[in-house]
Amino acid sequence: MDSPSSQEQMVQIQLALAAELQTQHGPVLGGIDLARALGYRSSAAMRQARYRGQIELALFTLPNRRGHYAMTTEVAQWLAMARIHRALPGEVVNEKEEPS
């Protein structure tokens, strides 16, 4: 088989992202770490996107804690799906970038 299917690529990307995010942040992401993982420059930018309904990820609150949180594995899955499904036409999706 020459190239893996997009489903296989998504799983590979998801597993790599989940492992990296779990190592760095643990099972739950929140605050600036969540905002940056989703590609926002700040917590305020993510808050605005949430108010506008632009975040496609399930966020939740925790008792006696401020802010919104997401499961690290769900963030990894969302990022992997975004990478595969929103790649530019003709763009090759590789798990690892080759050094130039």
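How many aromatic pairs does a search of the whole structure find? The search finds one aromatic pair, and the views below come from a predicted model.

**View 1. The aromatic pair of Phe 60 and Tyr 69.** The rings of Phe 60 and Tyr 69 form a tilted pair, with 6.4 Å from centre to centre and 35 degrees between the planes. Tyr 69, at 15% relative accessibility, counts as buried.

**View 2. Arg 50 over the ring of Tyr 51.** Arg 50 lies over the face of Tyr 51, at a distance of 4.7 Å from the ring centre.

**View 3. The largest nonpolar core.** This core has 15 residues, and those with the most contacts inside it are Leu 29, Leu 34, Leu 38, Met 46, Ile 55, Leu 57 and Val 75. Two or more residues are given to this core by each of helix H1 (6–25), helix H2 (31–37), helix H3 (43–51) and helix H4 (72–85). Not counting residues up to four places away in sequence, Leu 29 touches Leu 21, Leu 34, Ala 37, His 68, Tyr 69, Ala 70, Thr 72 and Val 75.

View 4. A polar atom of the Thr 72 side chain lies 2.6 Å from the backbone oxygen of Gly 26. With neighbours within four places in sequence left aside, the residues in contact with Thr 72 are Ala 18, Leu 21, Gln 22, Gly 26, Pro 27, Val 28 and Leu 29.

Definitions and conventions. Residues are numbered from 1 along each chain as its sequence is written. This is a predicted model: local features need pLDDT of at least 70, side-chain atom pairs count only at pLDDT 80 or more; totals for chains, interfaces and linings use all residues. Side-chain values use heavy atoms; hydrogens and water are left out. Rings of Phe, Tyr and Trp (its six-membered ring) pair if their centres lie within 6.5 Å; planes under 30 degrees apart count as stacked, over 60 as edge-to-face and the rest as tilted. Buried means under 20% relative accessible area, exposed over 50%, partly exposed in between (1.4 Å probe, protein chains only). A charge sits over a ring if NZ of Lys or CZ of Arg is within 6 Å of the ring centre and within 35 degrees of the ring normal. A nonpolar core is a set of buried Ala, Val, Leu, Ile, Met, Phe, Trp, Tyr and Cys residues joined through side-chain atoms within 4.5 Å. Helices (H or I, at least four residues) and strands (E, at least two) are DSSP runs, numbered from the N terminus. Contact means heavy atoms within 4.5 Å. A polar contact is a pair of N or O atoms within 3.5 Å; within protein, one must be able to donate a hydrogen and the other to accept it, and residues adjacent in sequence count only if both atoms are side-chain atoms.
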